[in-house]
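Subject: Structure handover

Hello,

Please find the structure below. My notes on its disulfides and aromatic pairs follow it.

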Amino acid sequence: MSRIGVFLLSVFLCSQGNAAPHQQRSSLNITCEKDELLHICTVETVQLTGPTEKPRIYLTGDVQNISHARIVESEINTVTKELLLAFPTAATLELAELQITTIERGAFDNATQLKTLLLKSNNIGNLAPNVFSGLIELRDVSLENNQISQLPPGLFARNTKLGTVSMKGNLLTRIESSIFNNVAGRMDFVDFSNNNLEHFDLSKSSEIIAIDVSSNRLTEVKIPRVGLEILKASNNQINRIATNGENKQLTELNLSRNKLTSIAWLKLFPSLNILDLSNNEIAKVLPVHFPAENRLTELSLINNRLTTFDGMAATLKNLIVLDLSGNLLKSVDFSNPPYSKLEVLYLSRNSIVTLKLPANNSLWQLTVDDNDWSCANLRTHLPLLSKVVVRITDTVPCKAGYVVESDFCCRETNPN
């Protein structure tokens, strides 16, 4: 990409109302780069903080047909129609970190070619119902890290081509299921993480491929029967999963840091590859909880209340990564042939006395530190442990009653 140059252009700030317009000429820097596909211009040091300032930027010559415009290192309280007149051909507009508080009604009415709009990290608190109605080509919009507490009805009513929406880091408490009803095709990604959401009926979101609602206040998740492939809902207060029949499209599910006690619902998701249930209150994991034919390759159950993990070999025969750290396990048996595919196994911070591993295994990473090992059992596995490329050992010296055996702490006699 070749640089066109740096230009000093004029900004005219005109007062509103019936008074005679007052024009103030000020300088700003524009830097542009251009290649066969893109024409990117960056505008710097714009200061528009007065309540009556309506800027007008005039561009001439080679910098008129801008495809990607960004304003940086500036302060703009209100996005106005006049501001956007400078970029009539822009497909991408970046207005991030400008301390914007308001978007004027009709500001985007003439931005009919805009496909990507970035308004992240500002101070926007309210959105008018039709604020984006002029953006008929809009594909991607980011409003993350603002102060938005509610979404008005019809916010995206005319944005039928939406592909991604990011509104993480706001103050939203509720998302209506109809918010994306007018989108014509499938949406790639919707991000409402780091809000205050207490309600979002995901069962109506069958046309969204991936959704992130992590770090909210949800107590229930309703999963659609079709469409959704990736759901991230960690760090909520979820204690119930509501299903609408079997979902054969969901491949990745993150429900870590919630309040789940049961996984009986899991059998309705046979296509899951990655499942994170860490930091919940799950006490039992049984074969009946899983689909008869499942595709799980990664399973995390860190910091739950498991006392046993027996009888799971035939059910979890495709597992490559398994994390059972931080539970209450005392004895674990991975000697069955179906576990031969396991490459990563984490067993730290349990109360494990005995462990069984297959002679022929694929393990390259293993953690077994901070357990209650029987030295006799540990010695039988030292040849296998020595073959593991990455392993976490105990910190020595060991606590009272334990001895060091090849960098692990163990008891010569089993505890009572």
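Cys398 and Cys409 are both buried, where buried means under 20% relative accessible area, exposed over 50% and partly exposed in between, with a 1.4 Å probe and protein chains only. A disulfide joins these two cysteines, with 1.9 Å from S to S; the term stands for a pair of cysteine sulfur atoms within 2.5 Å. The angle about the S-S bond is -90°, and the link of Cys398 and Cys409 is left-handed. This pair links distant parts of the chain, 11 residues apart: Cys398 is in the loop between strand 30 (390–392) and strand 31 (403–405), and Cys409 is in strand 32. Helices (H or I, at least four residues) and strands (E, at least two) are DSSP runs, numbered from the N terminus.

Before going on, two remarks on the source. This is a predicted model, in which local features need pLDDT of at least 70 and side-chain atom pairs count only at pLDDT 80 or more, while totals for chains, interfaces and linings use all residues. Residues are numbered from 1 along each chain as its sequence is written, and side-chain values use heavy atoms, leaving out hydrogens and water.

The structure holds 2 disulfides. Cys375 and Cys410 form a disulfide with their sulfur atoms 1.9 Å apart. Here the angle about the S-S bond is 95°, and the link is right-handed. Cys375 belongs to helix 2 (residues 375–385) and Cys410 to strand 32 (residues 408–411), so the pair ties together parts that are 35 residues apart in sequence. Cys375 and Cys410 are both buried.

Now the aromatic rings. Rings of Phe, Tyr and Trp (its six-membered ring) pair if their centres lie within 6.5 Å; planes under 30 degrees apart count as stacked, over 60 as edge-to-face and the rest as tilted. By this rule there are 7 aromatic pairs. Phe156 and Phe180 have ring centres 5.7 Å apart and planes at 20°, so this pair is stacked. Phe156 sits in the loop between strand 12 (140–142) and strand 13 (164–166), and Phe180 in the loop between strand 14 (174–175) and strand 15 (187–191), 24 residues apart. Phe156 is buried at 2% relative accessible area, and Phe180 counts as buried at 10%.

Phe309 and Phe334 form a tilted pair, 6.5 Å centre to centre with 40° between the planes. Both Phe309 and Phe334 are buried. Finally, ring pairs link Phe108, Phe132, Phe156 and Phe180 into a cluster.

Regards
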